[in-house]
Amino acid sequence: SNEASLPEVMVRTKAGNIRIMTFSAVKIELKGKEYIITTAVDMTERKLLEKTLLENEHYLEQAQSIAKLGHWKLGTDTKVVSGSDQFFSIFDLTPQEATLEEFANVVHPDDREYDLYHINKGIEEGTPWDIIHRLLLKNGTKKVVHAKGLPKIDKTGKVIEIVGTIQDITESTIAEKDLRKS
């Protein structure tokens with residue numbers, strides 16, 4: 001091959017700063033003569049941004065775990081749901097089970113119609129929602145959740161996806177009931 005490249009290399013500048021660089025070279029022939037063209041790309045800013053992004057993702061995951069808060073996205077055409085680890089943990093489902101139908105099956109039977117009414121209104125009319133309802137997990141565990149959905153609408157007015165949050169408020173709901181009793 002007429003091309004060569006080096007992996008990322010740390011280089012010290014004349015000013016003493018460390019930069020992360022990539023280098024590549026290619027051999028070409030022009031009018032019977034061979035030339036080597038080299039390029040150097042300073043990757044320092046990109047690497048710092050990648051590091052910051054990874055740190056922020058880590059802190060977001062920690063914050064969601066502490067708050068028992070998950071985020072999700074629903075594709076309105078596919079009815080496929082994607083979301084954070086905490087989102088799946090709240091519903092006790094796996095990403096492989098990520099369909100609207102599977103999530104609806106975990107909603108408490110007495111609250112399912114109420115929940116689906118808001119989701120369908122979001123899909124059909126672009127109406128956001130902010131509701132509290134119960135879950136009944138496959139293992140029998142009962143939870144109370146605070147669910148919010150915000151439809152994303154394209155230029156034609158069609159709802160293309162819905163993004164939202166779900167927060168497990170079971171403990172605070174129990175604590176509130178206990179306070180009322182005392």
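Predicted model: local features only at pLDDT ≥ 70, side-chain atom pairs only at ≥ 80, totals over all residues.
**Stop 1: a patch on the surface**

Select I28, L30, Y35 and I37. Together they form a nonpolar patch on the surface, with about 350 Å² of accessible area. Now colour strands β2 (18-30) and β3 (33-42): each of them supplies at least two residues of the patch. Zoom in on I37, which you will find in strand β3.

**Stop 2: the five-stranded sheet**

Next, show β4 to β8 as a cartoon. Five strands make an open sheet here, and reading across it you meet β5, β4, β8, β7 and β6, with antiparallel pairing. Look at the two edges, β5 (81-83) and β6 (129-136): each has a single partner strand, so one side of each lacks a neighbour in the sheet. Turn the view to look through the strands, and you can see that neighbours are turned by 30° against each other on average, direction ignored.

Strands of a sheet pair through backbone hydrogen bonds, in either a parallel or an antiparallel way. For an example of the antiparallel kind, select residues 142-153 (β7) and 159-168 (β8), which are joined by nine bridges. Within this pairing, click on A147; opposite it stands I166 in β8.

**Stop 3: aromatic pairs**

How many aromatic pairs does the structure hold? There are six. Start with W72 and W129, a stacked pair at 6.1 Å centre to centre, with 25° between the planes. This pair links distant parts of the chain: W72 sits in strand β4 (residues 69-75) and W129 in strand β6, 57 residues apart. Both W72 and W129 are buried.

Then move to F88 and F103. Their rings form a tilted pair, 6.0 Å centre to centre and with 45° between the planes. Here helices are linked instead: F88 belongs to helix α2 (residues 85-91) and F103 to helix α3 (residues 100-106), 15 residues apart. F88 is buried, as is F103.

Terms used: Residues numbered from 1 in each chain as written. Heavy atoms only, no water. Pairing = 2+ DSSP bridges. Helix = DSSP H or I, 4+ residues; strand = E, 2+ residues; numbered from the N terminus. Axes fitted to C-alpha atoms, helices over the stretch in contact; angles between N-to-C directions. Patch = residues over 30% accessible without salt bridge, like charges linked within 9 Å, V, L, I, M, F, W, Y side chains within 5 Å. Areas by Shrake-Rupley, 256 points an atom, 1.4 Å probe, with all protein chains shown as cover. Salt bridge = Lys/Arg side-chain N within 4 Å of Asp/Glu carboxyl O. Phe/Tyr/Trp six-rings, centres within 6.5 Å; stacked < 30°, edge-to-face > 60°. Buried < 20%, exposed > 50% of the residue type's maximum accessible area, 1.4 Å probe, protein only.
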